[in-house]
Amino acid sequence: MEKQTLSFQAEVKQILHLVTHSLYSNKEIFLRELVSNASDACDKLRFEALNDASLFEDQPNLEIRIGFDKEARRIIISDNGIGLSAQEAIDHLGTIAKSGTKEFMARLDGDKARDANLIGQFGVGFYSGFIVADRITVESRRAGLPPEQGVRWSSEGTGEFEVETITRPARGTDVILHLREGEDDFLSAWRLKSIIAKYSDHISLPILMRKEAWDAEKGENVVSDDWEPVNKAAAIWTRSKSDITDAEYQDFYKQISYDSAEPLAYTHNRVEGRSEYTQLLYVPAKAPLDLWNRDKRGGVKLYVKRVFIMDDAEALMPVYLRFVKGVIDSADLPLNVSRELLQESRDVKAIREGSTKRVLSMLEDVAENEKDKYAAFWRQFGAVLKEGVGEDFANQERLARLLRFASTHADEGVSFADYVSRMKEGQEAIYVITADTLATAKNSPQLEIFRKKGIEVLLLVDRVDEWMLSHLYEFEGKPLTSVAKGAADLGKLQDEDEKKQAEAAAESFKPTLDRLKAALASRAKDVRVTTRLVDSPACLVVEEGDMSGHLARLLKQAGQSAPNSQPVLEVNAEHALVKKLAALPEGAAQFDDLAQVLFDNALLAEGGQLDDPAAHVKRVQALILG
């Protein structure tokens with residue numbers, strides 16, 4: 001065939017401009033795409049040779065070679081795969097999204113398609129070469145055709161391409177990139193090897209480059225005629241679990257995570273069905289410094305048929321599991337044309353749900369069988385896992401079982417199940433309190449009646465706890481009740497005599513309550529007698545449905561506005577300080593000062609801050625001096 005000049009399909013002209021100027025966010029992607037195409041070509045040959053072994057000719061070993069010529073400013077990607085005929089070069093290199101893989105897959109039965117191990121559907125990868133090249137030449141011969149039926153395809157990526165017949169002894173394809181000005185960075189063995197290591201290290205074929213050695217006389221690296229593999233050509237996650245040692249799993253984790261410590265736990269699974277994928281996921285032993293940066297998503301690496309796609313596959317793992325490291329390798333996933341962005345689909349959703357459940361199962365196993373190890377995990381990642389309670393409703397119950405807290409019975413490690421197993425006879429609710437610190441929670445006056453009766457209260461001191469409680473209302477049918485909200489109602493745990501005494505105390509103390517309400521009208525929503533206090537004179541609570549003081553403080557610290565809701569002051573009518581206040585005559589100047597001090601002390605006890613500390617100090621000094 002004489003040289004022919006043909007025009008690209010109309011869509012190709014548009015895509016070439018898009019590829020060259022905006023499609024890929026990273027120029028080095030071109031090498032990944034061309035290596036992937038070369039791997040496809042070798043896979044096709046291997047598959048077709050199942051029925052015709054002569055297609056291997058005299059080259060049974062399939063491989064990819066990458067070379068470069070600094071003087072000519074060229075990069076050559078070669079493979080000894082299936083190759084192209086002249087007509088295939090015209091059809092597949094001149095038509096967008098028609099690299100041959102898609103049509104090839106269409107001819108196969110479902111079972112055979114899986115065996116063919118093809119990437120499929122990525123027809124624009126070849127054109128990525130124009131990101132760095134102002135001209136691409138392709139020389140190829142299809143396996144089974146005679147040497148004189150080779151083909152040369154060439155284009156500058158504008159509107160036309162040339163095709164001619166050549167004599168080519170070797171089957172397979174050479175893609176020759178003639179680099180643009182300013183792209184000399186890629187004419188370096190180190191640069192090319194680093195790109196291969198990043199994107200194509202786990203492709204099953206050997207990727208070869210010429211060996212380099214230091215020449216002392218020339219003072220530079222000199223390229224030899226010998227070739228050496230530059231990729232590992234072995235993806236650990238594709239191997240059977242029985243063939244992988246624990247040391248190999250540990251080493252792979254350190255390789256992908258850059259962590260010197262061993263992981264806390266890992267899970268390796270192959271999922272088959274409508275969505276086929278392999279997952280190798282790790283939970284680190286220690287939290288990274290950027291754990292609380294929800295925009296930092298570098299945990300799970302996504303591969304499609306061993307070809308690296310992205311580091312931050314955020315669509316495949318929920319935000320609250322951002323600490324998980326590992327690899328997900330899919331048989332096929334919908335990406336956009338540059339392979340850089342996942343498109344939401346049923347397959348993506350299935351992989352995300354499956355991977356989430358697998359991580360939760362791994363954590364459940366550790367929590368059940370390795371309690372010390374889970375305690376270490378919780379100290380590092382517990383607060384982040386709590387985010388999932390409000391973000392992942394489908395797994396909320398499983399997450400609730402994984403939660404751990406401090407309580408009035410233990411400083412850490414108390415699960416909801418532990419709490420429920422220790423509930424008092426007649427106790428109907430799970431009691432909790434939120435505070436800024438464990439010390440503040442432990443010493444809260446609101447816990448006094450619960451301590452007196454031996455009722456356990458969970459102490460929630462993480463910043464995320466208030467938000468979590470707005471989404472988690474119960475556990476195994478038992479409501480979560482804050483001891484700092486509403487009147488103290490212990491239900492069946494409070495006997496009738498106690499209730500009658502409380503009612504009588506409230507009635508006899510009513511005149512003093514009225515005076516306190518008047519003195520604290522600008523600060524307290526209400527003042528009432530309580531039975532929840534034993535040793536303290538007063539405490540602050542909020543009505544059911546109102547925002548707690550702790551949450552209001554958190555919002556203010558975050559620079560957000562909080563609604564202006566006033567707390568309720570509850571007083572212990574049996575406390576000496578309250579009795580002294582009640583004994584002050586009507587109109588006594590000390591009453592207002594003592595009422596304000598009572599309120600201030602209750603606010604400080606719950607971890608709040610005074611609006612006017614100096615005024616509080618003056619009142620206390622005045623009361624001391626009498």
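**Exercise 1.** In which loop is Phe 8 found? Decide also whether Phe 8 is buried or exposed.

*Solution.* The model used in these exercises is predicted. Begin with the position in the chain: Phe 8 sits in the loop that runs between β1 (4–7) and α1 (10–23). Next, take its relative accessible area, which is 4%; because buried means under 20%, Phe 8 counts as buried.

**Exercise 2.** Work out where helix α9 bends, and identify the elements against which its buried residues pack.

*Solution.* First compare lengths: α9 (residues 371–385) has 15 residues, and a straight helix would reach 21 Å, yet the end C-alpha atoms are only 17 Å apart. Then locate the bend, which is about 60° and falls at Arg 379. The buried residues of α9 include Tyr 374, Phe 377, Trp 378 and Phe 381, and the buried residues of this helix pack against β11 (277–283), α8 (346–369), α10 (387–391) and α11 (396–402).

**Exercise 3.** Describe the largest pocket by its volume and by the residues that line it.

*Solution.* Start with the space inside, about 890 Å³. The lining has 35 residues, and Gly 549, Arg 553, Lys 556, Leu 603 and Glu 606 lie nearest the centre. Sorted by class, the lining comprises 14 nonpolar, 15 polar and 6 charged residues. As for elements, α18 supplies the largest share, 6 residues, while those giving at least two residues each include β16 (430–434) and α20 (589–605).

Key: Residues numbered from 1 in each chain as written. Predicted model: local features only at pLDDT ≥ 70, side-chain atom pairs only at ≥ 80, totals over all residues. Heavy atoms only, no water. 1 Å grid on protein atoms, 1.4 Å probe; cavity = no way out; pocket = protein on both sides within 12 Å on 5 of 7 lines; lining within 4 Å. Points joined across faces, edges and corners; volume = space filled by probe spheres on them. Helix = DSSP H or I, 4+ residues; strand = E, 2+ residues; numbered from the N terminus. Nonpolar A, V, L, I, M, F, W, Y, C, P; charged D, E, K, R; others polar. Buried < 20%, exposed > 50% of the residue type's maximum accessible area, 1.4 Å probe, protein only. Expected span 1.5 Å × (residues − 1). Bend = angle between axes of the 7 residues up to and from the residue. Contact = heavy atoms within 4.5 Å.
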